[in-house]
Amino acid sequence: MGLFSKCWNSTCRILPVFDFSIIIPVFAICSVFMETKFFTSFQTNFADELILLFLIFGLSLVVFSKEKNESDKLDELRFYSLVKSIIVNTFLLLFSILFSYGGGFLAVMVCNLFSFFLFYLFFFHLASRKRN
């Protein structure tokens with residue numbers, strides 16, 4: 001057995017495991033767990049949703065913040081970075097639609113919520129470093 005297969009089970013943990021849970025009542029327009037319910041309220045762990053909200057909010061703040069010295073050249077770099085990130089994210093989305101199914105597809109869709117921001121930041125900082 002290789003190192004990867006040894007460390008994949010629960011006896012060898014590379015990262016610490018956090019038990020982060022916030023159990024609160026929530027309202028759902030559509031809920032599909034054991035049965036499908038519409039316009040219902042129930043208790044659930046809200047930690048996953050809270051983490052995603054903070055991640056999207058934080059990335060939005062970083063993406064939409066201004067540089068110290070804004071110029072027309074930076075506006076042009078922002079536009080080209082936006083176009084590149086849309087293209088790359090669209091191709092990633094099309095690839096995942098064609099080649100991932102079930103739970104893997106759901107995981108890709110969750111990652112797609114914030115991958116656009118990450119691609120934009122990557123292309124913008126890459127272009128701004130080339131400029132300097």
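Hi everyone, let me start with one side chain: Phe95 sits at 53% relative accessibility, so Phe95 counts as exposed, the cut-off being over 50%. Phe99 comes out at 58%, and therefore counts as exposed too. Please keep in mind that this is a predicted model.

As a reminder, an α-helix has 3.6 residues a turn, so residues three or four places apart point the same way.

Now to the rings. The structure holds six aromatic pairs. In the pair made by Phe95 and Phe99, the ring centres are 4.9 Å apart and the planes meet at 50°, so this pair is tilted.

Let's step back to the helix itself. Helix α3 covers residues 72–99, 28 residues in total. From first C-alpha to last, α3 reaches 41 Å, close to the 40 Å expected. Which residues of α3 are buried? They are Leu74, Leu77, Arg78, Ser81, Ser85, Asn89 and Ser96. Their cover includes α2 (47–64) and α4 (103–131).

Two of those buried residues, Leu74 and Leu77, take us to the largest nonpolar core. Helices α2, α3 and α4 each give two or more residues to the core, and α4 supplies the largest share, with five.

Last stop, Phe117. Leaving aside residues up to four places away in sequence, Phe117 touches Ile56, Leu59, Ser60 and Val63.

Notes. Residues are numbered from 1 along each chain as its sequence is written. This is a predicted model: local features need pLDDT of at least 70, side-chain atom pairs count only at pLDDT 80 or more; totals for chains, interfaces and linings use all residues. Side-chain values use heavy atoms; hydrogens and water are left out. Helices (H or I, at least four residues) and strands (E, at least two) are DSSP runs, numbered from the N terminus. The expected span of a helix is 1.5 Å times one less than its number of residues. Buried means under 20% relative accessible area, exposed over 50%, partly exposed in between (1.4 Å probe, protein chains only). Contact means heavy atoms within 4.5 Å. Rings of Phe, Tyr and Trp (its six-membered ring) pair if their centres lie within 6.5 Å; planes under 30 degrees apart count as stacked, over 60 as edge-to-face and the rest as tilted. A nonpolar core is a set of buried Ala, Val, Leu, Ile, Met, Phe, Trp, Tyr and Cys residues joined through side-chain atoms within 4.5 Å.
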